[in-house]
Amino acid sequence: MRIAPAILLLAFISPAFAGEIPSPDDERAVDVLHFDVALNLDFDRKAIAAVTKIEFVVLHRTGELQFSGTGLSVDKVSLAGHALQFDNDGSRLTIHLARALDSGEHAALAVEYHGEPRRGLVFGRNLAYTNYWACEWMICAQDDFGDKASIRLALEFPKGSSSFGPGQLVSRTTLPDGRTR
């Protein structure tokens, strides 16, 4: 029965809901359109190294972006290839933009991070699976249930492992060290 939370998670971020039109009284600064997550799984340490790219449109002029804190170490945040300042207190990741973004602007943010997820990504002896707490292993806003977006998830895992889940397999590559992406 552990599969049900993962399916529920995917329903929340399903591409079918992407492009939702926000209401005029929406207080969100941005509408996330797409997540592109590259996730490297370290089974020995029960840890990850990842990059989450977030494509969004600005709803209200803003000079900062906020996402749920993960307890993971954020290494770098960039917008259009330019490094940004950020604060990560574990409960909230606040990204300070180099300039305020205006309503209607489209942008793409990249966040590089690593660590041992507190929850949301469960490591077993020979498996790993996700459940409801996706914002503990990817950069997103856990408490912003109204923002729906598509997601592309690229996994990198040990030699001899495989992956399965809903969605479409785009490619499978064996890396020089034998790991699979």
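Let's start with an open sheet of six strands, whose order is E5-E4-E8-E2-E1-E11 and whose pairing is mixed. Its edge strands, each pairing on one side only, are strand E5 (82–83) and strand E11 (150–156). Two terms need explaining here. Strands (E, at least two residues) and helices (H or I, at least four residues) are DSSP runs, numbered from the N terminus, and two strands pair if DSSP finds at least two bridges between them. Strands of a sheet pair through backbone hydrogen bonds, either parallel or antiparallel.

A word about what you are looking at: this is a predicted model, in which local features need pLDDT of at least 70 and side-chain atom pairs count only at pLDDT 80 or more, while totals for chains, interfaces and linings use all residues. Residues are numbered from 1 along each chain as its sequence is written, and side-chain values use heavy atoms, with hydrogens and water left out.

Now step back to the whole protein. There are one helix and 11 strands, and from the N terminus on the order is α-β-β-β-β-β-β-β-β-β-β-β. Of the 181 residues, 40% are buried. Buried means under 20% relative accessible area, exposed means over 50%, and partly exposed lies in between (1.4 Å probe, protein chains only). The protein exposes about 10,500 Å², and carbon and sulfur atoms supply 54% of that area; accessible areas come from the Shrake-Rupley method with a 1.4 Å probe, and for residues only the protein chains shown count as cover. Contact means heavy atoms within 4.5 Å. Among the contacts with a separation of 6 or more, 67% are between residues 24 or more positions apart.

Strand E1 (residues 30–42) and E2 pair in the antiparallel sense over 12 bridges, and one example is leucine 41, whose bridge partner in E2 is isoleucine 48. The hairpin of E1 and E2 has four residues between the strands, and there lysine 46 takes a positive phi near 55°. Strand E2 (residues 47–58) also runs antiparallel to strand E8 (residues 106–115), with 10 bridges joining them. Isoleucine 48 turns up again here: its bridge partner in E8 is glycine 115.

Valine 74 counts as buried because its relative accessibility is 14%. Leaving aside residues up to four places away in sequence, valine 74 touches Phe86, Asn88, Leu93, Val111, Glu112 and Tyr113. Alanine 49 is 25 residues from valine 74 in sequence, and their C-alpha atoms are 10.0 Å apart in space.

Next comes an open sheet of three strands, ordered E3-E7-E6 with antiparallel pairing. Its edge strands are E3 and strand E6 (85–88), each pairing on one side only. E3 and strand E7 (residues 92–101) share six bridges in the antiparallel sense, and serine 68 has arginine 92 as its bridge partner in E7.

Follow the chain on from E3 and you reach threonine 70, in the loop between strand E3 (62–68) and strand E4 (73–79). Is threonine 70 buried or exposed? Threonine 70 counts as buried because its relative accessibility is 3%. Beyond residues up to four places away in sequence, threonine 70 touches Gly90, Arg118, Cys135, Glu136, Met138 and Ile139. Tryptophan 137 lies 67 residues from threonine 70 along the chain, yet their C-alpha atoms are separated by 6.8 Å.

With a relative accessible area of 19%, threonine 130 is buried.

Our last stop is the disulfide, a pair of cysteine sulfur atoms within 2.5 Å. The count by this rule comes to one: cysteine 135 is joined to cysteine 140, S to S 1.8 Å. The link is left-handed, with -125° about the S-S bond. Cysteine 135 is buried at a relative accessible area of 6%, and cysteine 140 also counts as buried, at 8% relative accessibility.
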